[in-house]
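Try each task before you read its solution.

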Amino acid sequence: MSESGAAALAAEVARVVRLASPGVQGLASYDPGHDIVALRHKAGEQGLLELGGNESAWGPSLLALAALRSELDTLELYPDPRGGVLKHALAEAFGLQREQVMLGNGTHELLMQIAQVFAGPERSVLVSRYCFAVYPLAAQAANARLDVVEALPPTHPTQPRGHDIDGMIAALRPDTGLVMLANPNNPTGTWLTTTEIERLLQAAGPETLVVLDEAYGEFLTQPDCGSALTLLAKYRNLLVTRTFSKLHGLAALRVGALLAAPGVVAVLERIRESFNVNSPGLAAATAALMDEAHIATVLHETAGNREALAIELKARGYFVHPSQTNFLLVDFGNAEAASSVDRGLMARDIVVRPMRGYGLPQCLRITVGKVEQNARLLKALDALRAEGKA
Ligand SMILES: Cc1ncc(COP(=O)(O)O)c(C=O)c1O
């Protein structure tokens, strides 16, 4: 856009934003990081190595692809507005009733809707300092106050910069409407035990809803940790979200799920857009859930490659946060160093995720790739080190 065009747009936005709700007036839209499409066009022969979005290097299940293709002959028809087949599959997989399942156009949509419905001027939102960027956005869009609890210190022996559950419990207020946290967490990769989650749910009480975002839940294999799905029968204030964008490699199709008490789902359904999940997405997600072999492969490869990559990065002197996800948060010591690595990698057609927007300018978040992808990353890093740029 030309300079004069940009100035005209800014003036128009300033005029129109006064008409928006107070929360939206101060809101900056979600920052997706680097412009991937532009970088793909610019990339050289090797192609762009995309390690910024926590997508799956292993792609989707072949069964999911076949199911998707079978939908292509009927694109003129609306998708099933109830998402019946996928809801049934999810309920079966998680041992829940179908009334406990709601589908979203990605988890992002569900998180925004949850805040829209259950947060507001009199129902504040509680989060941890290094939480997923959508939570503050959802709170603000809902005109809710955001209470941010300091994270554990970077020197914490097992969960550096992780959620401080005691701090979160202490920060609960009578007007806390919603607690939003991810387990394991993005961007830190850290995790919570089931006991910690239960303590939070108990302290929150029935009027404060607790959203456990399990976008990376399948990758969590630590002892004493498990999915909060097992707690749904006991806590009616618990909302669990899952996505098909990470483990299942279906990020492009935008399918997410909410698992909660039937009453919570029924209330949220009131504002769901009627055809929010498309037919290829519904079909592929249902098939992906059934492909146990693909799931096992991705989990196994991700965990192995993550630990191998962490060892290599630590050997080069960087601080690597322990992770139970498909990415690593790497601390380069200061903002300048992280930015130099980011720029240097980009010059070699490798994209990672800068963390300035998360208040961690000294860090970069790196998605775990296949062996050869991680090797390319390390080779680029070594070249930068040889040039004094990393
Ligand atoms: C913690 C967390 N929750 C939710 C999402 C959004 O997932 P979806 O693709 O389902 O919108 C992400 C995506 O990166 C995430 O990291």
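This is a predicted model: local features need pLDDT of at least 70, side-chain atom pairs count only at pLDDT 80 or more; totals for chains, interfaces and linings use all residues.

Residues are numbered from 1 along each chain as its sequence is written, and side-chain values use heavy atoms, with hydrogens and water left out.

**Exercise 1.** Work out which residues surround the ligand and find polar partners for its oxygen atoms.

*Solution.* 
Step 1: Look around the ligand and you'll find 13 residues, the closest being T107, N186, D213, T243 and S245 (near means a heavy atom within 4 Å).
Step 2: Sort that shell by class, and you get four nonpolar, six polar and three charged residues.
Step 3: Ask where they come from: helix α6 (residues 106–118) gives the largest share, three residues.
Step 4: Now the oxygens. A polar backbone atom of T107 is 2.6 Å from a ligand oxygen, and a backbone N or O atom of H108 lies 3.0 Å from one. The side chain of S245 puts an N or O atom 2.6 Å from a ligand oxygen.
Step 5: Check the cover: alone, the ligand exposes 390 Å², and the protein buries 92% of that (Shrake-Rupley method, 1.4 Å probe).

**Exercise 2.** Is T190 buried or exposed?

*Solution.* 
Step 1: Find T190 in the loop between β5 (176–182) and α9 (194–204).
Step 2: T190 counts as buried because its relative accessibility is 2% (buried means under 20%, exposed over 50%, partly exposed in between; 1.4 Å probe, protein chains only).

Methods. A polar contact is a pair of N or O atoms within 3.5 Å; within protein, one must be able to donate a hydrogen and the other to accept it, and residues adjacent in sequence count only if both atoms are side-chain atoms. Helices (H or I, at least four residues) and strands (E, at least two) are DSSP runs, numbered from the N terminus. Ala, Val, Leu, Ile, Met, Phe, Trp, Tyr, Cys and Pro count as nonpolar, Asp, Glu, Lys and Arg as charged, and the others, Gly among them, as polar.
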